[in-house]
Amino acid sequence: MITGEIWTQLSSAVTGLVLAWVMLEQYFPYQLRGYLQKYSQKLTSYVYPYIQVTFHEFTSERLMRSEAFSAIQSYLGSNSTKNAKRLKADVVKNNEPLVLTMDDYEEVTDVFDGVKVWWSSSKTVPKTQSISFYPAADERRHYRLTFHKSNRDVITKKYIEHVLKEGKAIAVKNRQRKLFTNNPSESWYGWKSTKWSHVVFEHPATFDTLAMETKKKEEIKKDLTKFSKGKDYYAKIGKAWKRGYLLYGPPGTGKSTMISAMANLLDYDIYDLELTTVKDNSELRKLLIETTGKSIIVIEDIDCSLDLTGQRKKAKEKDDDDQSDKEKDPVSKKKKEAEEERKSGSKVTLSGLLNFIDGLWSACGGERIIVFTTNYVDKLDPALIRRGRMDKHIELSYCCFEAFKVLAKNYLELESHEMFGKIEEMLGETKMTPADVAENLMPRSDEEDEDDCLKRLIEGLETAKEEARKKTEEEAASKAEKADKEGGEKSSQVAVENGETSAKEAKENGAIAGG
């Protein structure tokens, strides 16, 4: 009976406390609640000898994912497998073991220099629940570090730095490289929306399989390696830790393959930036801010992405028409301007792109490579590709014999063959891209052998040579016909001018005789 009375009194006390808490939350002024919480924590600190440090998943008004949170998550992943009872599993790389991390509302311990600490994970769920495809707020996770106040200096000066350093190293080791593409700005907002979407980057290209002269490949590899290790050097010379590469050459010469080989060499992510979906310079800067270090930012076919060099001309033509627009009805003018803005698409300017690659905003973050590719380098504005912006210009041209030998080894596992001499001679006379050479070398059935593939390549070279000869003859004939036509028109014009001169002289002579 005594035990029953105790439980009854306890349940009544708990019920009373819950009711008091609900009344406090519902009717107590928010400001007074803040003061109450402040002084209650102060009183607790006198009897509670532990300090707590919280690391939130998202920081700042832009809600960027915290690097500290990611590093702690990686660090605790290796420690939590020994102590935690609830874990989350993820496959980071193919054919690799599972990567385990601590689940929500779990706690683990860690020891550093004889000091014991406690890590706990939790999340904050928004109080306002709404049924919507785009909730106003999303749940936020955080880690809480708890330690005795007597160990404050050890934890704040040594342990946290140790955790971040080790966590970043583990993350680099376990991370799966990604290929990003930018989302249209209309998709930047809403439930878990981001400015970049990604897939796993699994392109197998390397410099060993790249069809290019060995000397040129080694030069590029050394340049890339030097850059990746140059953090202190760039800081010493007062320059942002970035480097620009311009890849140019005819279609099919391996520009995209080169980018993949660069990423695989350095173990970098790739951000494939589609300029036509970027509305203006402001959005371009926001996209740059959201990229991470150890990455390659790529703008392919930049000569086709935007008419950057022609925008000044368009602006001038618009200024010339301003006077006539003033005479039109204001409502009609507004409608016309809105329609033109809708049709014009991207408003990224040459100035905005230059600031993106070489201005103040380019220094946000570090260890980035910016790559432009183009088929027609002469079309680009010289200000866009000058040294300092595009630091290294790499021409990728038609297939030479040394590049062919790389392809023959890749596709047919051949290092020499009796037909190589004929192929070397023909490659010196005929222009064929590495992509076309590779297509001819690739076996098309199980019955085909090396001889069949090499014969097909020789036939392809002969066909290309004949087509080039016919094209040259047609161009020469066209030029001759054009020259004859221009000569005939010039002769006719001279004859007309001579006739007019003779008639004028005759008229003047007749006038003199009559006088």
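Biologist: How many salt bridges does the structure hold?

Modeller: The structure holds 15 salt bridges. The term means a side-chain nitrogen of Lys or Arg within 4 Å of a carboxyl oxygen of Asp or Glu. This is a predicted model, in which local features need pLDDT of at least 70 and side-chain atom pairs count only at pLDDT 80 or more, while totals for chains, interfaces and linings use all residues. Residues are numbered from 1 along each chain as its sequence is written, and side-chain values use heavy atoms, with hydrogens and water left out.

Biologist: What makes Glu57 and Arg141 a salt bridge?

Modeller: Their side chains meet at 3.2 Å, N to O, and the cut-off is 4 Å, so the pair qualifies.

Biologist: Which parts does the pair of Glu57 and Arg141 tie together?

Modeller: Glu57 lies in the loop between β1 (50–56) and β2 (58–59), and Arg141 in strand β8 (residues 140–148), so the pair ties together parts that are 84 residues apart in sequence. Strands (E, at least two residues) and helices (H or I, at least four) are DSSP runs, numbered from the N terminus.

Biologist: Why is Glu57 called buried?

Modeller: Buried means under 20% relative accessible area, exposed means over 50%, and partly exposed is in between (1.4 Å probe, protein chains only). Glu57 has 7% relative accessibility, so Glu57 counts as buried. Arg141 has 16% and is therefore buried too.

Biologist: How do you know that Glu218 and Lys221 are about one helical turn apart?

Modeller: Both are in helix α5 (residues 214–228), 3 residues apart, which means a separation of about one helical turn. An α-helix has 3.6 residues a turn, so residues three or four places apart point the same way. Glu218 and Lys221 form a salt bridge, with their closest N and O atoms 3.7 Å apart. Glu218 is partly exposed because its relative accessibility is 34%, and Lys221 is partly exposed at 21%.

Biologist: Are Glu448 and Arg456 buried or partly exposed?

Modeller: Glu448 is partly exposed, with a relative accessible area of 23%, whereas Arg456 counts as buried at 14%. Their side chains meet in a salt bridge of 2.9 Å, N to O. Salt bridges that share partners also join Lys242, Asp358, Arg386 and Arg389 into one network.

Biologist: Why is Asp391 called buried?

Modeller: Its relative accessibility is 14%, so Asp391 counts as buried. Asp391 is found in the loop between α13 and β15 (392–395).

Biologist: What is Asp391 in contact with, leaving aside its neighbours within four places in sequence?

Modeller: Asp391 is in contact (heavy atoms within 4.5 Å) with Lys239, Arg243 and Gly244. The C-alpha atoms of Asp391 and Arg243 are separated by 6.3 Å, although the two residues are 148 residues apart along the chain. The side chain of Asp391 also reaches the backbone nitrogen of Gly244 at 2.8 Å.

Biologist: How do you know that the span of helix α14 agrees with its number of residues?

Modeller: The expected span is 1.5 Å times one less than the number of residues. For the 12 residues of α14 (residues 401–412) that should be 16 Å, and the end C-alpha atoms are 15 Å apart, which agrees. Buried residues in α14 include Phe401, Phe404 and Leu412. The helix is followed by Glu413, whose phi is positive, near 55°.

Definitions and conventions:
Polar contact = N/O pair within 3.5 Å; in protein donor to acceptor, adjacent residues only side chain to side chain.
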